[in-house]
Amino acid sequence: MLSPRTRHRLFRAGFRAITAVGADRWLAPAARGRGVILTFHHVRPEPVPGFAPNALLSITPAFLDRTLSLLAARGFELIGLDQVPERLAAPKGGRPFAVLTFDDGYRDNVEHARSVLARHGAPWTLFVTSDFAEGRGRLWWIELERAVSRLDTVRLGSGRVLPARTDAEKTAAFETVYRTLRAGPEPILLDEIARLGREAGFVPGGLARELCLTWDALRALARDPTVTLGAHTLTHPMLAKHEADFAEREIAESRARIEAELDRPVRHLSYPVGDPTSAGPREFETAKRLGFATAVTTRPGHLFAEHAAHHHALPRVSVNGLHQTEAALASLLSGVPFLAWNRGRRVNVA
């Protein structure tokens, strides 16, 4: 299995190759389909430190501005998520469209992204995790980063001890712990990371108060007509790892809680983590049965007419903080990398 660092080096080389031969332009009409839903998490100006295993989830406001400018230059029309079903069902594709989505409900989306989006007149969707808005909940991937940043050695529950003195050692330790725990049951993942957090001197479950928008802040945001608010479950679990009743409750009650707090209908869902190990056919059917207009995954790809039959398993393209370059962005917007990634399939819902 390739390490994350090796994979990202290959990605960079691929992006450069695609733009160097102009494939991002001459293959785009066939590869990009009707449009694309872009995924963002953090938008903030802080420089990335040496140890930053979650840096892929954070871009700068300047790169968000470049993204919106390139979308305009490449002829994309910015639309809201509400318009996607009708655009997919249209007999002709017309102009390609782009939808901007932000997961989890971070404060920096308002503090740093909102002004950039407003300057471009861009509609956008914010997917809210109810427990994060409450100031509780487990942003466990950030807890793990914080714990490893403070520890000199990282001890797994199995007894294995990993060195973590240098940035390189910390990065390797994070990748090992992350990969090991992601492969197992989620309760064990949460317990192990909570233990590491306590060993590092902080109480797990407090990061949401620091990083996420409160209900009051979300109520203010809900008055903005350019913003669509969607559901991202109650506690941000990997739904496919849990029983069906648990997954349905997470989806249904998160929508009910957001609607009660904000007095605004919630028509769209984002599956936490969103890859095939976290959301699959069972979750897609649940979202459909519960009446959501759309539900989005993190399975990579553009939208095609065929997705009109799969509104609850829509792919997205992540704007990755490790690839804040014109070449990467042009490649992703062209759809060309996903021809290989999805082995020629336009729809990937299995």
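Reply: Terms first. A pocket is an open set of points on a 1 Å grid over the protein atoms alone, with protein on both sides within 12 Å along at least five of seven lines; a cavity is a set where a 1.4 Å probe fits but cannot get out; lining residues have an atom within 4 Å of a point. Points are joined across faces, edges and corners, and a volume is the space filled by probe spheres set on them. This is a predicted model: local features need pLDDT of at least 70, side-chain atom pairs count only at pLDDT 80 or more, and totals for chains, interfaces and linings use all residues. Residues are numbered from 1 along each chain as its sequence is written, and side-chain values use heavy atoms, with hydrogens and water left out.

Me: What volume does the second largest pocket have?

Reply: About 420 Å³. Of its 18 lining residues, the closest to the centre are Arg44, Pro49, Ala52, Asn54 and Glu145.

Me: Which element gives the largest share of that lining?

Reply: Helix 8 (residues 140-150), with 5 residues. Helices (H or I, at least four residues) and strands (E, at least two) are DSSP runs, numbered from the N terminus.

Me: And how many cavities of 30 Å³ or more?

Reply: The count is 2.

Me: Switching to strand 6. Is it buried or exposed?

Reply: Strand 6 (residues 124-128) has 5 of its 5 residues buried. Buried means under 20% relative accessible area, exposed over 50%, partly exposed in between (1.4 Å probe, protein chains only).

Me: Which way do its side chains point?

Reply: Trp124, Leu126 and Val128 go one way, Thr125 and Phe127 the other. In a regular strand the side chains alternate between the two faces of the sheet.

Me: What does it pair with?

Reply: Two strands pair if DSSP finds at least two bridges between them. Strand 5 (residues 97-104) runs parallel to strand 6, with 4 bridges. Phe102 sits opposite Leu126 there. Strand 9 (residues 227-231) is also parallel to strand 6, over 5 bridges, and Thr125 faces Thr228.

Me: Last one. Why is helix 15 largely enclosed?

Reply: Because 8 of its 9 residues (326-334) are buried. Leu329, Leu332 and Leu333 are among them. Just after the helix, Gly335 takes a positive phi of about 85°.
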